[in-house]
Every structure is written in C-alpha cells, then in structure tokens.
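Please walk me through this structure.

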Amino acid sequence: MTDRIDDLVASLDSLVRRGRGRWTRSACGVTRSEREIPALLDGDAYVPATSRARVLLVSGLSGRPDDVAQAVRALGVFAAGGPQLASEIALSAVPCGNPDGLAADAGPGNGAGGDPSTGYPREGNYFHDQQNPETRHLWRWVGFQAPDLVLELRSGNHTRWEANQSAGLMAPAVGAMPLRDDGSLLAALGTGNPNGLGAIPGLRLTAPAHHVSGELGRLWSLVTQFPDWGPSPARHALDS
C-alpha cells in the first residue's frame with residue numbers, strides 16, 4: 001500500500017508550502033527497503049541558540065494509519081495557529097517512524113522482523129542492523145537534534161497523557177501519569193545519558209481524533225507560559 005506513503009509525503013509537502021519557509025521536508029534515516037523516514041524540520045531545529053521552544057513531534061512508530069493521521073492532523077492545527085504560535089515554538093516532526101510497516105500494513109512490525117516502537121536505547125551496530133534499522137536512526141537523530149521536548153502522539157479511544165522521567169513540571173501541568181520503562185523511545189530518552197549527551201523531556205498523548213486539537217492547544221499554552229522553560233540537558237551538552 002505504497003499510496004499511504006505517497007499521501008503522507010504529499011501532506012508534508014502541502015504543510016511546507018503553507019508554512020511559507022517555516023519547514024523543510026527532510027528524512028531522519030532509511031528503512032531496510034531503503035525507504036526514507038520522512039521528517040519536517042523547523043528552521044531553528046539545529047541552530048546553537050533560539051528564543052523559541054524546540055519541540056519534536058513523533059508518531060507512527062507503530063506503523064498504524066490512525067497514528068500517522070493523528071500526527072498530520074496535529075501539524076495542520078499547529079500551522080493554522082499562525083505566526084504568533086510559530087514565533088514561540090519551533091515544531092519539527094517525524095509523523096511516521098515506521099514507513100515500511102505503514103506501507104505493508106504490517107504494524108507494529110516493519111516487514112523485516114523488527115518493531116520500531118520498542119527496543120530502546122540502541123547501542124552500536126548502526127550500519128548493520130538487518131531487522132530494526134529505524135530504531136537506530138531515530139535514536140541517533142532525535143538525540144543529536146536535542147529538542148527541548150519530545151511529544152509522541154498515538155490514536156486511542158480515551159485521552160491520556162504520560163510523561164518520561166525528565167518531563168519535570170510539565171507532567172503535572174498536563175495531568176500526565178509516569179511513563180513505565182517499556183523500552184519505548186520516549187521512556188529511554190528521559191533516563192540516563194542518551195547518546196552520551198543528556199536526557200530529553202518527553203510527553204505522550206493518546207487520544208481520539210476529536211480531542212487532539214484541544215489537548216495540544218493546552219500544551220502549547222503551557223510551553224509558551226512556563227517560567228522555567230529552557231534547553232533540555234541534551235541541548236545543553238551539545239551547546240557546551
């Protein structure tokens with residue numbers, strides 16, 4: 001079902017045009033079938049210093065169409081927020097971390113014996129992973145982008161916030177429950193010294209489609225109003 005990938009790329013290209021220079025379409029790695037893992041990059045994603053909060057939206061690690069649609073919808077809502085929101089938040093995104101699973105309707109598997117939704121942190125063997133290369137690409141790419149917050153979106157029947165160990169005051173502000181150490185990307189980013197740099201705060205929102213806009217609107221307001229908002233430990237390490 002490669003049409004799903006074509007539709008995703010078309011949606012991202014449309015967002016780039018709507019953003020009027022805000023985003024560029026990029027890739028954060030390749031799959032076993034040599035398919036790119038698409039990404040949207042804000043212009044401030046890698047600059048040494050910015051007054052904007054750097055947030056990375058991640059979704060579709062499951063390869064489920066509903067999760068990917070959730071991410072694309074959220075990006076559209078953010079784009080509709082206008083220049084004021086964009087002046088305060090630098091939002092980048094990986095809307096589908098498992099494009100082979102999406103294309104083959106194989107989620108949460110990737111069609112090569114791997115599962116990009118679990119198995120973190122990743123160590124070594126970066127160029128020779130025969131089953132789960134997506135996890136290695138994502139682990140390194142997210143770590144060295146070093147956002148101030150990683151936001152994972154999942155589609156679900158009920159609204160629930162979860163937070164990794166580094167989410168700090170953001171967790172109670174959105175009513176998030178602690179994220180269990182389940183081998184997920186978000187959980188692993190919040191503990192220890194990921195990629196030899198530092199931890200990255202993370203929140204996971206699981207919600208039905210009609211709740212996403214309101215929940216993210218609440219989060220964006222918190223991000224822009226937090227008095228102690230600042231670079232993540234990973235960003236501090238890179239800057240130093």
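Strand β3 covers residues 53–59 of this predicted model. In β3, 7 of the 7 residues are buried, so the strand is largely enclosed by the rest of the structure. Buried here means under 20% relative accessible area.

Look next at the two faces. In a regular strand, side chains alternate between the two faces of the sheet. In β3, Ala53, Val55, Leu57 and Ser59 point one way. Arg54, Leu56 and Val58 point the other way. Both sets are buried, Arg54 and Ser59 included.

Now the neighbours. Strand β4, residues 89–94, is joined to β3 by 6 bridges, and the two run parallel. Within this pairing, leucine 57 has alanine 93 of β4 as its bridge partner. Strand β5, residues 149–155, also runs parallel to β3, with 5 bridges between them.

Turn to the helices. Two packed helices are described by the angle between their axes and the distance between the axes. For helix α2 (residues 65–80) and helix α8 (residues 209–225), the axes come within 10 Å and cross at roughly 50°. That angle makes α2 oblique to α8. The crossing is right-handed.

Which residues of α2 and α8 meet? From α2 come Gln70, Arg73, Ala74, Val77 and Phe78. From α8 come Ala209, Val212, Ser213, Leu216 and Trp220. By class, this contact has 7 nonpolar, 2 polar and 1 charged residues.

How values were computed:
Residues are numbered from 1 along each chain as its sequence is written. This is a predicted model: local features need pLDDT of at least 70, side-chain atom pairs count only at pLDDT 80 or more; totals for chains, interfaces and linings use all residues. Side-chain values use heavy atoms; hydrogens and water are left out. Buried means under 20% relative accessible area, exposed over 50%, partly exposed in between (1.4 Å probe, protein chains only). Helices (H or I, at least four residues) and strands (E, at least two) are DSSP runs, numbered from the N terminus. Two strands pair if DSSP finds at least two bridges between them. Axes are lines fitted to C-alpha atoms, for helices over the stretch in contact, and angles run from 0 to 180 degrees between N-to-C directions. Angles under 35 degrees count as roughly parallel, over 145 as roughly antiparallel, 65 to 115 as roughly perpendicular and the rest as oblique. A crossing is left-handed if the near helix is turned anticlockwise from the far one by less than a right angle, and right-handed if clockwise. Contact means heavy atoms within 4.5 Å. Ala, Val, Leu, Ile, Met, Phe, Trp, Tyr, Cys and Pro count as nonpolar, Asp, Glu, Lys and Arg as charged, and the others, Gly among them, as polar.
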